[in-house]
Amino acid sequence: MGKLSGKAALVTGSSRGIGRATAIRLAREGALVAVHCSKHREAADETVATIEKEGGRAFAVQAELGVAGDVHALFLGLEQGLKERTGSTTLDILVNNAGVMGGVAPEDLTPAAFDRLIAVNAKAPYFIVQRALSLIPDGGRIINISSGLTRVANPQEIAYAMTKGAVDQLTLHFAKHLGPRRITVNSVGPGITDNGSAIFDNPEAVEQMSSYSVFGRVGEASDVGDVVAFLAGPDGRWITGSYLDASGGTLLG
Ligand code: NDP
């Protein structure tokens with residue numbers, strides 16, 4: 001029996017990248033996983049198929065975050081999927097992973113692009129946590145995916161880093177709020193992690209990015225997913241309100 005047998009998890013943005021690796025790992029531990037996506041439904045279905053092929057259980061939920069009614073749409077699909085498979089809407093593990101990056105010079109960022117970053121990366125996780133609280137039982141887990149850019153400066157990503165700073169505050173304060181219910185709330189901060197996007201097919205770019213980690217390589221999505229699985233499991237019970245650096249030592253300078 002896996003460490004998460006009998007548990008139900010939602011991983012936002014798990015159609016690809018870190019979210020997908022996290023969903024696969026949680027399912028390997030025995031959790032039923034809601035695989036969430038925005039636009040790429042076929043990619044979410046692929047994650048579900050991968051999990052099922054390994055003997056795990058998962059279902060897809062599609063809802064764009066950062067738009068009016070986003071959290072409501074997400075939870076309609078989530079609750080229906082859980083109820084059909086477990087007979088209840090209990091959600092033991094919430095992973096707020098979905099996010100968008102900026103990649104724009106500070107001089108060029110528009111107010112609309114700024115608002116979108118805030119809406120997807122910071123506002124949506126807040127209201128997802130708020131909505132999930134009635135579904136998460138005592139002893140549950142909330143894991144928010146932050147970024148090493150809350151600790152290292154990158155002027156192309158000021159607004160993005162601001163949103164991840166907000167995620168860390170969400171972690172800190174909800175951890176205190178939910179302590180009496182033994183719900184742990186933590187941030188995991190990846191460094192540069194291969195999410196399958198085109199840049200990771202460019203050897204020169206990969207060599208340059210690898211130099212940031214003390215291990216001399218870029219992160220694999222599973223490097224981060226494994227850290228999330230640790231926090232989600234019983235061994236993570238005494239950690240709350242923390243920022244876990246999952247950057248392969250990038251922050252060591
Ligand atoms: P990807 O870009 O590979 O995937 C993003 C995921 O989020 C997809 O599943 C996507 O769904 C979903 N998503 C994006 N926008 C929305 C939206 N508006 N509404 C709902 N879902 C959305 O992400 P990564 O794996 O690279 O990153 C995952 C998390 O890790 C993010 O929070 C990111 O900020 C953080 N991170 C990543 C790092 C990296 O180097 N990769 C480094 C540090 C932090 P769909 O497929 O449908 O578009």
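**A walk from a loop to the pocket**

Arginine 182 sits in the loop between α5 and β6 (184-190); helices (H or I, at least four residues) and strands (E, at least two) are DSSP runs, numbered from the N terminus. Bear in mind that this is a predicted model, where local features need pLDDT of at least 70, side-chain atom pairs count only at pLDDT 80 or more, and totals for chains, interfaces and linings use all residues. Residues are numbered from 1 along each chain as its sequence is written, and side-chain values use heavy atoms, with hydrogens and water left out.

Back to that arginine. Most residues other than glycine have a negative phi. Arginine 182 has a positive one, near 60°. Its relative accessible area is 55%, so arginine 182 counts as exposed (over 50%; buried is under 20% and partly exposed is in between, with a 1.4 Å probe and protein chains only).

Another loop to look at runs between α6 (203-210) and β8 (219-220), and phenylalanine 215 lies in it. Phenylalanine 215 is exposed too, because its relative accessibility is 63%. Together with Val214 and Leu252, Phe215 forms a nonpolar surface patch with about 370 Å² of accessible area. Patches take residues with over 30% relative accessible area and no salt bridge, joining nonpolar side chains (Val, Leu, Ile, Met, Phe, Trp, Tyr) within 5 Å and like charges within 9 Å. A salt bridge here is a side-chain nitrogen of Lys or Arg within 4 Å of a carboxyl oxygen of Asp or Glu, and the areas come from the Shrake-Rupley method with a 1.4 Å probe, with only the protein chains shown counting as cover for residues.

On a 1 Å grid over the protein atoms alone, a cavity is a set of points where a 1.4 Å probe fits but cannot get out, while a pocket is an open set with protein on both sides within 12 Å along at least five of seven lines; lining residues have an atom within 4 Å of a point. The largest pocket holds about 1400 Å³, a volume being the space filled by probe spheres set on points joined across faces, edges and corners. Of its 45 lining residues, Ile18, Gly99, Met101, Tyr160 and Asn195 are the closest to the centre. The largest share of that lining, three residues, comes from α1.
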